[in-house]
Amino acid sequence: MNPTSTGDHFLLFVYGTLMRGGVRHRLLAGQRFLGEARTLPRYALFDLGEYPGMVWRDGDGRVVFGELYDVATRLLPELDAEEGAPKLFRREPVELEGRDGPVFAYLYQRSVEGALPCPGGRWIPKDGGR
């Protein structure tokens with residue numbers, strides 16, 4: 001399902017630079033923050049240096065922690081461009097604890113070989129801030 005088919009808003013799970021205090025959070029300014037959220041244990045989060053990358057894991061997944069937003073679909077082109085979609089990240093449905101229905105997140109599309117997993121499913125920027 002594509003978020004544009006769900007009306008003028010969609011739910012977006014963010015886990016890195018788009019979170020409150022993150023360097024790209026400005027893109028979500030004015031969007032409705034729904035609270036902290038976490039995925040079902042079907043993903044893995046990797047520290048890629050300046051940003052994290054979440055990938056699908058079949059069988060050995062973990063919970064990833066982040067934030068949930070109600071986002072206007074008119075922002076999709078800007079969000080996709082900032083996230084390098086669809087080559088670097090791709091907007092895909094994800095499964096969150098306690099939430100049914102379509103929720104989307106940007107999943108990393110390149111190899112994570114050699115990347116370190118984020119401890120506890122949370123990304124902490126190296127500079128201490130986001």
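1. Basis. The model is predicted: local features need pLDDT of at least 70, side-chain atom pairs count only at pLDDT 80 or more, and totals for chains, interfaces and linings use all residues. Residues are numbered from 1 along each chain as its sequence is written, and side-chain values use heavy atoms, with hydrogens and water left out.

2. Aromatic pairs. Rings of Phe, Tyr and Trp (its six-membered ring) pair if their centres lie within 6.5 Å; planes under 30 degrees apart count as stacked, over 60 as edge-to-face and the rest as tilted. The count is six aromatic pairs. One of them joins phenylalanine 13 and tyrosine 15, tilted, with 6.4 Å centre to centre and 35° between the planes. Both phenylalanine 13 and tyrosine 15 are buried (buried is under 20% relative accessible area, exposed over 50%, partly exposed in between; 1.4 Å probe, protein chains only).

3. A pair between strands. Phenylalanine 33 and tyrosine 69 have ring centres 5.3 Å apart and planes at 55°, so this pair is tilted. Phenylalanine 33 lies in strand β2 (residues 32–38) and tyrosine 69 in strand β5 (residues 65–72), so the pair ties together parts that are 36 residues apart in sequence. Strands here are DSSP runs (E, at least two residues), numbered from the N terminus. Phenylalanine 33 is partly exposed, at 32% relative accessible area. Tyrosine 69 is buried, at 1%.

4. Cluster and charge. Tyr51, Phe89 and Tyr108 make up one aromatic cluster. Elsewhere, arginine 122 lies over the face of phenylalanine 65, 3.9 Å from the ring centre. The rule asks for NZ of Lys or CZ of Arg within 6 Å of the ring centre and within 35 degrees of the ring normal.

5. Cavity. On a 1 Å grid over the protein atoms alone, a cavity is a set of points where a 1.4 Å probe fits but cannot get out; a pocket is an open set with protein on both sides within 12 Å along at least five of seven lines; lining residues have an atom within 4 Å of a point. There is one cavity of 30 Å³ or more. The largest cavity has a volume of about 120 Å³, a volume being the space filled by probe spheres set on the points, which are joined across faces, edges and corners. Its lining includes Phe13, Tyr15, Tyr51 and Phe89. By class, that lining has eight nonpolar, two polar and two charged residues (Ala, Val, Leu, Ile, Met, Phe, Trp, Tyr, Cys and Pro are nonpolar; Asp, Glu, Lys and Arg charged; the others, Gly among them, polar).

6. Sheet. Three strands form an open antiparallel sheet in the order β4-β3-β8. β4 and β8 (116–117) stand at the edges, each with a single partner strand, so one side of each has no neighbour in the sheet. Strands pair if DSSP finds at least two bridges between them. β3 (residues 43–47) and β4 share five bridges, with tyrosine 43 partnered by tryptophan 56. β3 and β8 share two; phenylalanine 46 stands opposite proline 117. Four of the five residues of β4 (residues 52–56) are buried, so this strand is largely enclosed by the rest of the structure.

7. Hairpin. Four residues separate β3 and β4 in their hairpin, where glycine 49 takes a positive phi near 100°.

8. Pocket. The second largest pocket holds about 150 Å³. β3 gives the most to its lining, with four residues. Other names in that lining include Arg57, Asp60, Pro117 and Cys118.
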